Amino acid sequence: MTKVIAVTGKGGTGKTAITTLLIRYLTNKDNLVLAVDADPDTNLPETLGCDVEKTVGDIREYMLSERDNLPPDINKESILESKIYEVINEMPGYDLLVMGRPEGPGCYCYVNNLLRGIMERLIENYDIVILDTAAGLEHFSRKLIHDVDDLIVVTDGSRRGLQTAERIRDLVSELDTHVGNVYVVANKVNSSNREKLKELAIDLDLELIGTVPVDEEIVNRDLVGTPLFDLPENSAALKEVNAIAKRLGL
Ligand SMILES: Nc1ncnc2c1ncn2[C@@H]1O[C@H](COP(=O)(O)OP(=O)(O)OP(=O)(O)O)[C@@H](O)[C@H]1O
Ligand SMILES: [Mg+2]
């Protein structure tokens with residue numbers, strides 16, 4: 001059975017950073033891992049240190065533009081499927097699929113319907129699929145993934161951040177995607193607000209699965225533009241994300 005983990009939360013809270021460090025943890029385990037950058041504003045390849053040339057979005061545009069030029073007797077689903085496999089980036093310890101550009105104007109139903117089936121089959125090839133998503137739930141998983149086992153809501157270390165997490169948890173039942181567990185990770189936390197946040201999470205009945213500290217090394221790497229994937233073992237954020245991964249049973 002494939003375990004699907006999706007990382008969500010408000011803009012700039014650290015979804016991509018946390019996803020990157022979870023992927024790093026997973027690559028040290030004996031699992032087949034598919035990482036999916038489901039944010040049209042693609043960032044995950046950069047933090048992973050992976051050059052990506054083509055995305056699912058590019059293939060979708062190609063299929064739409066070629067739709068009427070393809071011979072009628074040709075199986076369009078198998079063409080699309082083989083093209084999706086071509087844009088999977090094989091990295092050491094994991095594969096990376098980037099969804100890329102959002103849909104432009106026009107009707108994408110035809111190609112999205114094909115994509116849904118392809119994604120379902122693709123996911124079955126892996127033990128763990130982990131998605132970095134765009135902020136907000138409106139385009140959550142772009143309806144391409146039906147079942148998420150663990151939804152990780154990343155918030156900043158503030159009261160309002162936790163209240164947003166509470167709202168996200170309550171909205172989950174209205175999604176087309178079925179979600180199993182909802183966990184909260186408070187990111188960019190410092191020693192003065194950590195205990196208060198834990199108490200607040202209990203009051204709000206949120207399952208706070210980790211509090212990730214502000215990490216100067218992440219700040220530095222962000223400024224220079226170097227990947228987060230190979231943060232040193234003694235990085236405070238990395239240690240906490242590793243602990244979160246263990247709590248998630250990964
Ligand atoms: N624990 C941390 N310590 C210090 N800086 C962090 C930490 N986590 C994330 N950051 C920084 O915060 C900023 C936002 O992080 P990130 O891009 O991961 O957020 P995001 O939620 O994915 O954003 P977006 O909504 O734009 O996708 C980045 O500059 C990142 O380097
Ligand atoms: Mg991001």
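Which residues lie nearest the centre of the second largest pocket?

1. A word on the model. Please keep in mind as you look around that the structure is predicted.

2. The second largest pocket. To take up the opening question, Met1, Thr2, Val4, Ile123 and Asp147 lie nearest the centre of this pocket, which is lined by 14 residues. Two or more lining residues come from each of α5 (109–123), β6 (147–156) and β7. Of these, β6 provides the largest share, three residues. The space in the second largest pocket comes to about 290 Å³.

3. Its residue classes. If you colour the lining of the second largest pocket by class, you will find six nonpolar, four polar and four charged residues.

4. The largest pocket. Now turn to the largest pocket, whose volume is about 610 Å³. Its lining has 29 residues, and Gly14, Thr16, Ala17, Asp222 and Leu228 are the ones nearest the centre.

5. Where that lining comes from. At least two residues of the lining of the largest pocket are supplied by each of α1 (15–27), α2 (44–48), β7 (178–189) and α8 (216–224). The element that gives the most is α8, with four residues.

How values were computed: Residues are numbered from 1 along each chain as its sequence is written. Chains are lettered from A and ligands numbered from 1 in the order in which they are written. This is a predicted model: local features need pLDDT of at least 70, side-chain atom pairs count only at pLDDT 80 or more; totals for chains, interfaces and linings use all residues. Side-chain values use heavy atoms; hydrogens and water are left out. On a 1 Å grid over the protein atoms alone, a cavity is a set of points where a 1.4 Å probe fits but cannot get out, and a pocket is an open set with protein on both sides within 12 Å along at least five of seven lines; lining residues have an atom within 4 Å of a point. Grid points are joined across faces, edges and corners, and a volume is the space filled by probe spheres set on the points. Ala, Val, Leu, Ile, Met, Phe, Trp, Tyr, Cys and Pro count as nonpolar, Asp, Glu, Lys and Arg as charged, and the others, Gly among them, as polar.
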